[in-house]
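Have the structure open and follow along.

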Amino acid sequence: MDRLVPIPREELPVLRDLYKVDWPKHLVVYKTINHYILWLEINPNIENLHIWSLSGSWRTNGTVIIKNNFDIHFSTLEDNSESLVRAFCLVDWRPGFLICALMENQRKSVWKAIGKANIPMSAKYNQCFGAYSSNNDLIGWIFITTSGAIGTLHVIEEYRGRKIAQALVVKLCQYIEQSLQLDLHVFITHENIPSQKLFKKLGFIENTEQGYWILTKPFNTT
């Protein structure tokens, strides 16, 4: 059974050095782990700092999740990020986190993991649709968000340009209109021009009123 296993402090230099491969491709991850090694030399008992592997497998895959209060770092040396996907599914994402220093060379392999693990409640209780490759790999997905909006639309980069996103949107719109008998709405950021074009193409009308998501962190008043 998969479980999150703490990586002993004395073994963190070994983990860090795994990321010397293909230098400087993983420089940011290397320096992030080194940063926490230095912190732990100063204080071996830092509160709310967790450095996990998947079932102790970090020596073979480099997979690590570092949770420092509400900041979270993660990485893997696997091309398919399988162990990271499985590890993410063991994290309690309900408090919300600031995902830190996600580099471009990790983004493609990690995004699938985020998509699977960061929205477990939406996947469990809301209608969602996915697109799969001929190898049965998940390559695109769409959900109804907690505000009832069409959201979390994503297609893996190498499969874009094949109208997969459009097909997912149409499928979810049909469900909302026919099964839920509700009007449609979607939130899109200003810089997401491709999504704006897609939804306008499908007949959505822009509403210039802005919505906001604000991340707050708990604090101790005592």
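A word on accessibility first: a residue is called buried when its relative accessible area is under 20%, exposed when that value is over 50%, and partly exposed in between. Asp2, at 28%, is therefore partly exposed. Keep in mind that what you're looking at is a predicted model.

Why begin with Asp2? Its side chain meets that of Arg86 in a salt bridge, with 2.9 Å from N to O. The two come from distant parts of the chain: Asp2 sits in the segment before strand 1 (4-6), while Arg86 belongs to helix 4 (residues 82-88), 84 residues away. Arg86 has a relative accessibility of 34%, so this residue counts as partly exposed too.

How many salt bridges does the whole structure hold? A search turns up six.

Next, have a look at Arg16 and Asp17. These two form a salt bridge, and their closest N and O atoms are 3.0 Å apart. Is Arg16 buried or exposed? With 15% relative accessibility, Arg16 counts as buried, whereas Asp17, at 31%, is partly exposed.

Now jump to Lys200 and Glu206, whose side chains meet in a salt bridge at 3.3 Å, N to O. Lys200 is partly exposed at 46%, and Glu206 is exposed with a relative accessible area of 54%.

Head for the loop between helix 1 (12-18) and helix 2 (27-42), which is where you'll find Pro24. The peptide bond joining Trp23 to Pro24 is cis, with omega at about 10°. Asp22 lies in the loop between helix 1 and helix 2 as well. Asp22 isn't a glycine, yet its phi is positive, at about 55°. Its relative accessibility is 54%, so Asp22 counts as exposed.

Which other residue is worth a stop for its phi? Gln181 counts as exposed, because its relative accessibility is 67%.

Terms used: Residues numbered from 1 in each chain as written. Predicted model: local features only at pLDDT ≥ 70, side-chain atom pairs only at ≥ 80, totals over all residues. Heavy atoms only, no water. Salt bridge = Lys/Arg side-chain N within 4 Å of Asp/Glu carboxyl O. Helix = DSSP H or I, 4+ residues; strand = E, 2+ residues; numbered from the N terminus. Buried < 20%, exposed > 50% of the residue type's maximum accessible area, 1.4 Å probe, protein only.
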